[in-house]
Amino acid sequence: MHRPVGRLLQGASSGLAGSGRLPCSSGRGEDAPVDVPETRTPRPRTWIHRAAGRLARIGVGPEDVEELREKKKLLVLLAVLILPVSVVWGSVYLAFGSPVGIVPYIYFAISIGSLVLFARTRNFRLLLVIQLLDILLTTTAGQMLVGGFLPSGGVGLWGVLAPLGALVFLDVRQAIRWFVAFVFVFLLLGIAGEVLFPDADLPIWFTSTMLALNVIGTGSIVFTLLATFANQRNAALAALRVEQQKSESLLTNILPSSIAERLKAANEPIADHFVSASILFADVVDFTPLAQRLPPAEVVGILDQLFSRFDALVERHGLEKIKTIGDCYMAAAGVPDPLPDHARKTALLALDMRDTVATSALAGQSGVELRIGINSGPVVAGVIGTKRFLYDLWGDAVNTASRMESQSTPGEIQITRATYELLKDEFVCRRRGTILVKGKGEMETWYLVGSRSDRRRTERGIESEAAAARRQDRT
């Protein structure tokens, strides 16, 4: 939120709190009724929701991370969900006179005891091991006591919840061990029941019904576990996509989009040579003494406003922002994608940058003024570094453009002959003459005045250009 908007909202909020009335629109009196949007009353929570909420908080500590909290809640709810099934299963077998009905009650007692212990100790690992062993051993033991696989109605199928639970709450390697243990115990006790224990004297219809119920019951729990896992996976993938989009957005803010795509697609170094491109350097004149006079927040605010406007202009004219170095701004046209009119686009950007500073409040308040330099020629471009990637340019053309800026005049756009030759038919340029450039010697330079189609801005420049031509003819 921008600061002015934030202050406005704060003021409105404090005004409402102090007056105790809603603001009236124009044309209404203070006591006129105001339409207030109707709010929905939340539905009261049922006892089921309240009970589930209490159960989910068993064993959860304030120091637990979110992932552990979710695991604890899921394990407790699954354990509680199986409890009534064990009671019904045991009661039915006891009703038919089979003492094997005691086994589900043993499971019930162990499960309740582990939950009570968990509520006291909050030891998730201990609860998990007890629950897995409980469901694995009691169900397969019941299968043995009834007489084997079919006479028990497939009750041993409930034991598969042990490796599935391990798969959800532990790593895959540990889950494999639990699965091997289930297969071993299931087969061992099932075969022992077939060989050592007589079939329970139960009706065939009851055994068939129990087989169907055991399949449905275990299938329901398995489906619940898989559905939970699928929801967690989908949530993780959605979060991953969001983070990936953020990373890609950040990468494209740092690098040109085409370079970012190449960087993601290959691990090879990115290095390109461009036969012709135009490079612009813009520097805030006397910014160092200005920064010493102003508070740090105001210094950063000035640069932020200025460079944000430059960013918008760069995007509008189709150039690439290369980097900022302190109060210096660097942009280029013709990289990373070649442009036939790179000099023209750079000239239009420079003129707009100069006008933006000249007509902004910054110029009047802080005396901000630009010095701009442009040069055209061959460059090498690429990405350097492994951290904080930077797409940069190298070559004599880049160095000369920097010299054009540093040795320019405040408020002027100095260009080299190479750039002048590309602009002279469409833009008015005022000859500065020959200057001594550090590292280059004497160079002939021009000041970019404006487009020939903009007569108001270039009228004086056209006159200067004609006078310079006449002097050259006389020479």
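**Figure 1. Helices and strands of the predicted model.** The protein chain holds 16 helices and eight strands, where helices (H or I, at least four residues) and strands (E, at least two) are DSSP runs numbered from the N terminus. This is a predicted model, in which local features need pLDDT of at least 70 and side-chain atom pairs count only at pLDDT 80 or more, while totals for chains, interfaces and linings use all residues. Residues are numbered from 1 along each chain as its sequence is written, and side-chain values use heavy atoms, with hydrogens and water left out.

**Figure 2. The largest nonpolar core.** A nonpolar core is a set of buried Ala, Val, Leu, Ile, Met, Phe, Trp, Tyr and Cys residues joined through side-chain atoms within 4.5 Å; buried means under 20% relative accessible area, exposed over 50%, and partly exposed in between (1.4 Å probe, protein chains only). Among the 37 residues of this core, Ile82, Tyr93, Leu128, Ile135, Trp158, Phe169 and Trp178 touch the most other members. Helix α3 gives the most to this core, with nine residues.

**Figure 3. Aromatic rings around Phe206.** Rings of Phe, Tyr and Trp (its six-membered ring) pair if their centres lie within 6.5 Å, and planes under 30 degrees apart count as stacked, over 60 as edge-to-face and the rest as tilted. Tyr93 and Phe206 make an edge-to-face pair, 5.3 Å centre to centre with 75° between the planes. Tyr93 lies in helix α3 and Phe206 in helix α8, so this pair ties together parts that are 113 residues apart in sequence. Phe96 and Phe206 form a tilted pair, at 4.5 Å and 35°; Phe96 is partly exposed, with a relative accessible area of 34%, whereas Phe206 is buried, at 4%.
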